[in-house]
Amino acid sequence: MPARVSAFISEIGPSPAVRLAAGRLATAAAALLPSATGLGIAGALIVGYRERAHLGIRPDLGVGYWLGIVGAGMMLVLLAYPLRKRFGRAVPGSVGLWFRFHMLLGLLGPLAILYHARFRYDALNSGVALAAMLIVAGSGIVGRYFHRHLYRGYRLQHVEASELGDTVMAARAAVKEDADDSVLAELAAFAARAADVRGSLPVTIAKALVLTLAMRLRKPALLHEIDQHLAQVAIERGWLKADLRQHRRDAAHHLDSYFRAVRSAATYGAFERLFALWHHLHLPLFGFLVLAAITHVVAVHLY
């Protein structure tokens, strides 16, 4: 290839369409990575548990011993994320990066230790340490469930209650194009109930659950009313059958979006308080895990 042609190709780079396709592919891969990781870990757990009698691993020798060391090291590195949040730039790396790393190690660490223990315990100290680790890992999964309702993705951008209200209004505006006044009035009543979800934590959770159930039960009837309204509009405006089907699909999507927005607004307060309560419980559990792990290591090497 002539030097001028090569230089020209290098200068212009890939076309906008190629860059767009590459960006979409990278975004899709990033979205699938957490699910693929979770499935891989779940598969390793299932295989390890089913084959626990034939793993050929000894906790005190070789691979089994080092799996325990690596797993314990991963659990200790989990502290880097709260340290990064507390001390800021003194700990290198972004908070989002440490959060993702925190979640990954919070799964891989227990996996390594379960293989180290051969999915069982042989003494009281090892049983306590194993139980503490499983409780902390389970607590982390519960915390992540609460977290995802209060923060956007992995960037740790907190969702504000006012934003949820704006989302409800935007979703209602989309439904307005598809429904008559009676449907819109009922949808507005759902939004008003979501804004009035207050009280103690049990009361807040109960109100949110009742509202979610009420929306789920009313959804088929509301979709039927919207379909009838659109059929009348189709006659008045001379829509083709294909146009009417498309409007009905769009209306169903808009209604789903509206219900999701109302549900998020209704449950926001409950998740916020549950997450705060979880924070107060998770750190002491982790401290107990560290104490149990140290006791186990000392007992194993001394006796």
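I began with Arg84, which I found in helix H4 (residues 80-87). For helices I took DSSP runs of H or I with at least four residues, and for strands runs of E with at least two, numbered from the N terminus. The model is predicted, so I used local features only at pLDDT of at least 70 and side-chain atom pairs only at pLDDT 80 or more, while totals for chains, interfaces and linings use all residues. Residues are numbered from 1 along each chain as its sequence is written, and side-chain values use heavy atoms, with hydrogens and water left out.

I looked up the accessibility of Arg84 and noted that at 6% relative accessibility Arg84 counts as buried. Buried means under 20% relative accessible area, exposed over 50% and partly exposed in between, with a 1.4 Å probe and protein chains only. I then listed the contacts of Arg84, leaving aside neighbours within four places in sequence: Arg89, Val91, Gly93, Ser94, Val95 and Trp98. Contact here means heavy atoms within 4.5 Å.

**Whole protein**

I recorded 10 helices and two strands. Along the sequence the pattern reads α-α-α-α-α-α-β-β-α-α-α-α. Of the 303 residues, 29% count as buried. The protein exposes about 19,100 Å², and carbon and sulfur atoms supply 67% of that area; accessible areas come from the Shrake-Rupley method with a 1.4 Å probe, and for residues only the protein chains shown count as cover. Among contacts with a separation of 6 or more, I noted that 72% come from residues 24 or more positions apart.

**H3 against H5**

I next examined helix H3 (residues 62-77) and helix H5 (residues 95-117), which pack at an angle of about 155° with their axes 8 Å apart. Axes are lines fitted to C-alpha atoms, for helices over the stretch in contact, and angles run from 0 to 180 degrees between N-to-C directions. The angle makes H3 roughly antiparallel to H5; angles over 145 degrees count as roughly antiparallel, under 35 as roughly parallel, 65 to 115 as roughly perpendicular and the rest as oblique. The crossing of H3 and H5 is left-handed, meaning that the near helix is turned anticlockwise from the far one by less than a right angle.

On the H3 side, I noted contact residues including Gly64, Leu67, Gly68 and Gly71; on the H5 side, they include Trp98, Phe101, Leu105 and His116. Nonpolar covers Ala, Val, Leu, Ile, Met, Phe, Trp, Tyr, Cys and Pro; charged covers Asp, Glu, Lys and Arg; the others, Gly among them, are polar.

I looked up Gly64 of H3 separately. Gly64 is buried, with a relative accessible area of 2%. Beyond neighbours within four places in sequence, Gly64 is in contact with Ile57, Arg58, Pro59 and His116. Gly64 and Leu114 are 50 residues apart in sequence and 9.9 Å apart in space, C-alpha to C-alpha.

**H5 against H6**

I found that the axes of H5 and H6 come within 10 Å and cross at roughly 150°. That makes H5 roughly antiparallel to H6, and the crossing is left-handed. I noted Phe99, Met103 and Leu114 among the H5 contact residues, and Leu130, Met133 and Arg144 among those of H6. The residues of this contact divide into nine nonpolar, two polar and one charged.

At 15% relative accessibility, Ser126 counts as buried. Not counting residues up to four places away in sequence, Ser126 touches Tyr121 and His296.
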